[in-house]
Amino acid sequence: QVLLRRNKTPDYEPLTRHWVQQGQMLCCAASAVSVMNSLQPEAGYTQENLFIPETAHIITLDEFQDGQATLEKVAALIRVRGGLSATANHAGSGPGESDLAAFRQELKENAATAGDYMILTYSLGYLAGLGEGGGHCSPMAAYDEEEDLVLLLDPRGANRRFWIATVSLYEAMNTIDEVSQEHRGWVTVTK
């Protein structure tokens, strides 16, 4: 609670107000809905109405539930469905990827600015010490620069808000997504 009081970002309140619990295999969809409704509260996005004929060329609800969501597909879905700016950022040290220092800088800037959100994709298996499998998405709710911790609003259930060390989270993002065969990372979303 002390960390949260000290580190509430301008986006924390809207994000918690619009948080939704994920449906089956819909952690990225739930995270997208939470962020999109925080930016466009009047739109009333749901995990069901997120998928429309105009987004079928990107990904369908069935494909999402089949585990086919990638960083790029989540960003494209948000851009097309919500008319928002959504940029995919991959963790890593290769060309076009972002290292830990760049991730920390993005967290710091995001925490200081209203109206921008981050959806993080990472390996739950890696965090649990079980390897690189088990991809998952959560919106970032706050960043404590002093303690170097990130607050995630896990869409798996109410009261699943937890602080995680930035290094551990980055390492879990710096794993290979089985579908895209690229590193996981984050989507930055703004109006």
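Is cysteine 28 buried or exposed? Cysteine 28 is buried, with a relative accessible area of 9%; buried means under 20% relative accessible area, exposed over 50%, and partly exposed in between (1.4 Å probe, protein chains only).

The structure is a predicted model, in which local features need pLDDT of at least 70 and side-chain atom pairs count only at pLDDT 80 or more, while totals for chains, interfaces and linings use all residues. Residues are numbered from 1 along each chain as its sequence is written, and side-chain values use heavy atoms, with hydrogens and water left out.

**Cysteines**

The structure holds 1 disulfide, a disulfide being a pair of cysteine sulfur atoms within 2.5 Å. It is formed by cysteine 28 and cysteine 137, whose sulfur atoms lie 1.8 Å apart. The link of these two residues is right-handed, with 45° about the S-S bond. The pair connects distant parts of the chain, 109 residues apart: cysteine 28 belongs to helix H3 (residues 27–39) and cysteine 137 to strand S4 (residues 135–144). Helices (H or I, at least four residues) and strands (E, at least two) are DSSP runs, numbered from the N terminus. Cysteine 27 is in no disulfide; the nearest cysteine sulfur, that of cysteine 28, is 4.4 Å away.

| Residue | Relative accessible area | Class |
|---|---|---|
| Cysteine 27 | 11% | buried |
| Cysteine 28 | 9% | buried |
| Cysteine 137 | 1% | buried |
| Glutamate 13 | 38% | partly exposed |

**Sheet**

Strand S4 is part of an open sheet of 7 strands, ordered S2-S1-S7-S3-S4-S5-S6 with mixed pairing. Two strands pair if DSSP finds at least two bridges between them. Strand S2 (97–98) and strand S6 (161–165) stand at the edges with a single partner strand each, so one side of each is left without a neighbour in the sheet.

Strand S1 (residues 85–91) and strand S7 (residues 185–190) run antiparallel and are joined by 6 bridges. In this pair, histidine 90 stands opposite glycine 185 in S7. Helix H5 (residues 71–82) packs on the sheet, touching S1, strand S3 (116–123) and S7, where contact means heavy atoms within 4.5 Å. The direction of H5 makes about 170° with that of S1; axes are lines fitted to C-alpha atoms, for helices over the stretch in contact, and angles run from 0 to 180 degrees between N-to-C directions.

**Helix H2**

Glutamate 13 is found in helix H2 (residues 12–17). Its C-alpha atom is separated by 22 Å from that of glycine 83, 70 residues apart along the chain.
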